[in-house]
Amino acid sequence: MEPTLSVAIKSMRYPNSVGGDLIEGLSFEVPRQGFVSLLGPTGAGKTTLLRLIAGLERRFDGEVFLDGKLVTGPSRAIQMVFQDLRLLPWKTVLQNIEFASRNPRDPKEIEQVEKWIRIVGLEERRHAWPKTLSGGEEARVAFARAFVDQPRLLLLDEPLRGLDIVTRYALQDELLGALDACKTTVLMVSHSVEDALFLSDTVHIVSTGPMKIENTFQVNVDKPRRRGCRALNDVEGEIIRYMSKQRGS
Amino acid sequence: MIRSARMVVWLLPVLIVASWEVAVRTHFVPPSQAATPSDVVIRLFRLMASGPLLIHASYSMFRIALGVVLGSLIGVLTSVLVARSRTVNVLFSPTVQLLAGIPVVVWIPFWVMFFGTDEAFKIAMAAISTFFLVHLQTLQALRTVERDYMELSAIYEKTPWQRAVDVMLPSAAPAILMAIRTSLIFGWVVIFFVEYASATQGSEGLGWFIADARAMGRIEDEFAGLLFLAVIAYVCDKLLGRLQRRLLVWSDTEENAG
């Protein structure tokens with residue numbers, strides 16, 4: 001399958017950093033409508049990598065191509081769900097999702113916003129302020145905002161971090177449902193093996209200092225997936241054994 | 001416990017008013033220089049009932065309202081331009097910062113030169129004192145708008161206008177509203193001073209009324225005017241505080257706004 005996203009980074013370091021490169025010689029691809037996860041420890045540079053792919057960070061030596069075009073800056077084609085979700089506190093749930101619309105008065109776009117409010121189950125909370133939302137509701141608003149403009153690439157920066165297990169499972173299911181409706185390409189970074197396995201087709205294990213891909217696991221299990229099924233457990237076992245071995249060595 | 005605490009709050013004001021009453025009645029303070037609080041309150045109600053005080057107050061309120069609105073609008077607009085454009089910043093900011101440090105009374109001869117001594121002059125004095133406060137506070141807030149929100153605007157390809165209206169101004173709204181509220185408090189001082197100082201040129205406004213009463217030896221009228229000015233300033237501040245809480249209902253700190 002032709003890759004949607006192609007990343008080739010020779011080196012990246014912050015101007016005033018004391019240590020070496022944060023990322024060095026990292027390259028990978030994400031196929032069209034694929035879901036790829038980068039799994040690694042906190043501080044590995046995963047968020048920086050996503051910012052760089054989104055065009056928010058330009059101080060690096062390398063290239064990022066989306067659908068064969070060089071990414072030169074932030075654009076609607078690449079949406080990102082940030083770790084802190086970044087809801088605008090002065091906008092209601094509805095207004096936060098509308099923020100992604102090109103023209104919030106266009107009937108087609110209104111319909112699209114309404115569709116995503118329904119998908120994430122926030123019809124009753126449409127006029128609520130972000131400060132009154134639970135962690136799960138906040139994540140749902142951020143997802144809806146990212147999906148509403150139908151991006152070609154969706155970047156997820158540990159979007160389920162800090163949520164309780166019930167909310168986490170619910171959001172995993174909703175995210176897969178949303179992806180089924182939106183058919184977009186996804187790159188997620190996470191340190192949760194469970195999230196990465198349940199959602200992804202491919203899981204890259206990354207290491208720190210400098211960040212590089214150490215190993216790749218394919219998750220050949222059809223979606224929608226059932227938690228605890230044998231095939232998922234087998235891959236999870238492999239990944240955990242590999243990561244434990246790496247930590248020990 | 002709460003009830004007794006509430007009563008303690010009133011202890012000091014009651015003590016001050018009582019001391020004032022006693023000091024005037026016992027001639028500790030010469031009656032030609034002060035009136036008793038009870039006489040002042042009675043006079044205040046009479047003046048309100050007969051009308052002149054309300055007319056004078058409406059002149060002052062009109063001047064201060066227009067001055068604060070004009071000063072705020074220009075202050076916010078220029079701060080957005082300075083925050084968005086390096087050229088405007090270089091052209092504008094050094095001069096504004098230099099002038100902001102100058103006491104507001106220094107503007108009097110310049111404003112008289114441009115506007116004469118009538119309404120426009122008085123409104124311009126309230127506007128200039130508001131402008132510096134609102135401009136500098138808003139600019140500071142706009143410059144600290146979180147990079148996160150600006151990145152989000154970049155991803156959604158928002159135009160400079162959309163960024164200003166949808167992101168920068170709402171983000172700076174708590175600072176802008178606080179600056180306007182402070183300007184209103186300071187504006188009363190400015191308007192009172194201008195009306196008082198230019199009493200020979202005018203014949204209306206609370207400042208003029210108080211100056212005229214003092215000049216004519218109407219001590220009760222003078223104190224009644226001052227008391228009325230204090231009450232209006234307090235009520236205006238409380239109303240603006242309510243508006244501030246209403247507009248910042250989304251903010252985590254809105255309960256601290258009033």
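**Figure 1. Helix 6 and helix 8 of chain B in the predicted model.** In this predicted model, helix 6 (residues 119-143) of chain B and helix 8 (residues 160-197) of chain B have axes that come within 8 Å and cross at roughly 155°. Helix 6 of chain B and helix 8 of chain B are therefore roughly antiparallel to each other, since an angle over 145 degrees counts as such. The crossing in which helix 6 of chain B passes helix 8 of chain B is right-handed. Sorted by class, the residues in the contact of helix 6 of chain B with helix 8 of chain B are 16 nonpolar, eight polar and two charged.

**Figure 2. Overview of chain B.** Chain B has 10 helices and zero strands. Read from the N terminus, its elements follow the order α-α-α-α-α-α-α-α-α-α. The C-alpha trace of chain B spans about 75 × 60 × 30 Å along its principal axes. Chain B comprises 258 residues, of which 34% count as buried. Where contacts in chain B join residues at least 6 apart in sequence, 68% of them are between residues at least 24 apart.

Figure 3. Helix 10 (residues 219-247) of chain B contains Phe223(B). Is Phe223(B) buried or exposed? Phe223(B) is buried, because 23 other C-beta atoms lie within 10 Å, and the cut-off for a buried residue is 20 or more. When residues up to four places away in sequence are not counted, Phe223(B) touches Ala35(B) and Val40(B). Between Phe223(B) and Thr144(B), which are 79 residues apart in sequence, the distance in space is 45 Å, C-alpha to C-alpha.

**Figure 4. The loop that holds His27(B).** In chain B, His27(B) is found in the loop between helix 1 (2-25) and helix 2 (37-50). The phi angle of His27(B) is positive, at about 65°, although this residue is not a glycine. His27(B) counts as exposed because it has 8 C-beta neighbours inside 10 Å, where 12 or fewer is the cut-off for an exposed residue.

**Figure 5. Overview of chain A.** Seven helices and 10 strands make up the secondary structure of chain A. The C-alpha atoms of chain A fill a box of roughly 55 × 45 × 35 Å, taken along the principal axes. For 249 residues, a compact globule would have a radius of gyration near 18 Å, and chain A, with 18 Å, therefore agrees with this value. Of these 249 residues of chain A, 38% count as buried. Among the contacts in chain A with a separation of 6 or more, 68% are accounted for by residues 24 or more positions apart.

**Figure 6. Helix 4 and helix 5 of chain A.** Helix 4 (residues 135-147) of chain A packs with helix 5 (residues 165-182) of chain A at an angle of about 10°, and their axes are 11 Å apart. These two helices of chain A are therefore roughly parallel to each other, the cut-off being an angle under 35 degrees. From helix 4 of chain A, the contact is made by Gly135(A), Gly136(A), Ala139(A), Phe143(A) and Phe147(A). From helix 5 of chain A, Thr167(A), Leu171(A), Leu175(A), Ala178(A) and Cys182(A) take part. By class, this contact of helix 4 with helix 5 of chain A has seven nonpolar, three polar and no charged residues.

**Figure 7. Leu85(A) in its loop.** The loop between strand 6 (78-81) and helix 2 (93-98) of chain A is the place of Leu85(A). Although Leu85(A) is not a glycine, it has a positive phi of about 70°. Leu85(A) counts as buried because 20 C-beta neighbours lie inside 10 Å.

**Figure 8. The cis peptide bond at Pro224(A).** Lys223(A) and Pro224(A) are joined by a cis peptide bond, with omega about 0°. Pro224(A) is found in the loop between strand 10 (212-218) and helix 7 (230-248) of chain A. With 10 other C-beta atoms within 10 Å, Pro224(A) is exposed. The C-alpha atoms of Pro224(A) and Pro74(A) are separated by 32 Å, and the two residues are 150 residues apart along the chain.

**Figure 9. The contact between chain A and chain B.** Chain A contributes 15 residues to the contact and chain B contributes 12 residues. On the side of chain A that touches chain B, there are 10 nonpolar, two polar and three charged residues.

Definitions and conventions:
Residues are numbered from 1 along each chain as its sequence is written. Chains are lettered from A and ligands numbered from 1 in the order in which they are written. This is a predicted model: local features need pLDDT of at least 70, side-chain atom pairs count only at pLDDT 80 or more; totals for chains, interfaces and linings use all residues. Helices (H or I, at least four residues) and strands (E, at least two) are DSSP runs, numbered from the N terminus. The radius of gyration is taken over C-alpha atoms; the globule rule is 2.2 Å times the number of residues to the power 0.38. Two residues are in contact if their C-beta atoms, placed from the backbone, lie within 7 Å. Axes are lines fitted to C-alpha atoms, for helices over the stretch in contact, and angles run from 0 to 180 degrees between N-to-C directions. Angles under 35 degrees count as roughly parallel, over 145 as roughly antiparallel, 65 to 115 as roughly perpendicular and the rest as oblique. A crossing is left-handed if the near helix is turned anticlockwise from the far one by less than a right angle, and right-handed if clockwise. Ala, Val, Leu, Ile, Met, Phe, Trp, Tyr, Cys and Pro count as nonpolar, Asp, Glu, Lys and Arg as charged, and the others, Gly among them, as polar.
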